[in-house]
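Here are my notes on the model, as numbered points. Please read them with the coordinates open.

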Amino acid sequence: MSETIGVVKAVCLSAKRGEQKQNTQSAQLIAGWGIEGDAHAGDWDRQVSLLAYDKIQQFNELGAGVGFGDFGENLVVEGINLSILPVGALLNCGESTLEITQIGKQCHDHCQIYDKMGDCIMPREGVFARVKTGGLISVGDEITAQTQSERPLKAAVITLSDKGAAGEREDKSGPIAKELLETAGYRVEHEIMLPDNRDELERALIELSDTQGVDLVITTGGTGFSTRDTTPEATLSIADRAAPGIAEAIRAHSMSITARAMLSRGVSVIRKGTLIINLPGSPKAVRESLEFVLPHIKHGIEILRGSASECGRG
């Protein structure tokens, strides 16, 4: 576990959404809720928003003229490069602990800052967190960032099915994947049902990798020869690197069970720190594939997140 030390420069809140936040100098953090009295507090993953002090200063050097709270941020922190922290990192301040849940966010409506500058740093530099432990937080408090290499591996399951997404068919593959992942020690944080739509799958994979920091994404369905089966194409289009050995191993194993496994076009890739594996839509194939690969891929995921070193011995 590594630690970085910073200091709180501003504590900002607003009573209503859409109102500019004001620096109140101190505030009470409530576990599982957020900042007491702030409009964005609630039972969700973006209870507290943070920005790095130096990023605001750099933006002001370009003529932005923004103050604390103008981006809608709750906490301004100096000395920690917040946007490079991994999802799951902990921020400790006195008795309080925050857990990073999201890095950046999609901006749907441009704000006044963007209209003036043609840019806004919040979508790419903003960090969001949940409150794990409550307490008072004040300007001038020391805050430390800890990255936990030993945290549970986080997973997501995406099922691709036109009929499933329309509510016309029960998803049996996704629950099997979740069951096997949890048995193997993964924490399944997202279960997603999508139609066989390439654009929607691409957006979901990017969100899970870039923003949610998921370690492993398993997709089921959309790997056949139908014109609607575009899961491999969507997966390859967002990949940073290929990891072909996993998909090859799954096909080779499945070929020992049925020759039709040669018709599966599933791929396996890496995007940032996330491993993405395509599986067929058949519940039987999902079980057989995951039971075969799960004992072996954990080491690769640990290498991706820096908690293991390369080793050629199984």
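This is a predicted model: local features need pLDDT of at least 70, side-chain atom pairs count only at pLDDT 80 or more; totals for chains, interfaces and linings use all residues.

1. A search of the whole structure turns up zero disulfides. Take Cys-12 as one case. The closest cysteine sulfur to that of Cys-12 belongs to Cys-93 and lies 14 Å away, too far for a bond. A disulfide would need the two sulfur atoms within 2.5 Å.

2. Cysteine burial. Are Cys-12 and Cys-120 buried or exposed? Cys-12 is buried, and its relative accessible area is 0%. Cys-120 has 9% relative accessibility, so it also counts as buried. The cut-off for that label is under 20%.

3. Secondary structure and overall size. The chain has nine helices and 17 strands. Its radius of gyration is 22 Å, close to the 20 Å that the globule rule gives for 314 residues, so the chain is as compact as a globular protein of that length. Along the principal axes, the C-alpha atoms fill a box of roughly 65 × 40 × 35 Å.

4. Burial and contacts. How much of the chain is buried? Of its 314 residues, 47% count as such. Now the sequence separation of contacts. Taking contacts between residues at least 6 apart in sequence, 74% join residues at least 24 apart.

5. Surface and charge. The chain has an accessible surface of about 15,100 Å². Carbon and sulfur atoms account for 48% of that area. On charge, the chain carries 32 positive and 43 negative charges.

6. Gln-25. Check the backbone here. Phi of Gln-25 is near 75°, a positive value in a residue other than glycine. Where does Gln-25 sit? Its place is the loop between strand E2 (22–23) and strand E3 (26–30). Gln-25 has a relative accessible area of 43%, so it is partly exposed.

7. Lys-272. Check this backbone as well. Phi of Lys-272 is near 50°, a positive value, and the residue is not glycine. Lys-272 lies in the loop that runs between strand E16 (268–271) and strand E17 (274–279). With a relative accessible area of 49%, Lys-272 is partly exposed.

Terms used: Residues are numbered from 1 along each chain as its sequence is written. Side-chain values use heavy atoms; hydrogens and water are left out. Buried means under 20% relative accessible area, exposed over 50%, partly exposed in between (1.4 Å probe, protein chains only). Helices (H or I, at least four residues) and strands (E, at least two) are DSSP runs, numbered from the N terminus. The radius of gyration is taken over C-alpha atoms; the globule rule is 2.2 Å times the number of residues to the power 0.38. Contact means heavy atoms within 4.5 Å. Accessible areas come from the Shrake-Rupley method with a 1.4 Å probe; for residues, only the protein chains shown count as cover. Lys and Arg count as positive and Asp and Glu as negative; His and the chain ends are not counted. The place of a charge is taken as NZ of Lys, CZ of Arg, CG of Asp or CD of Glu.
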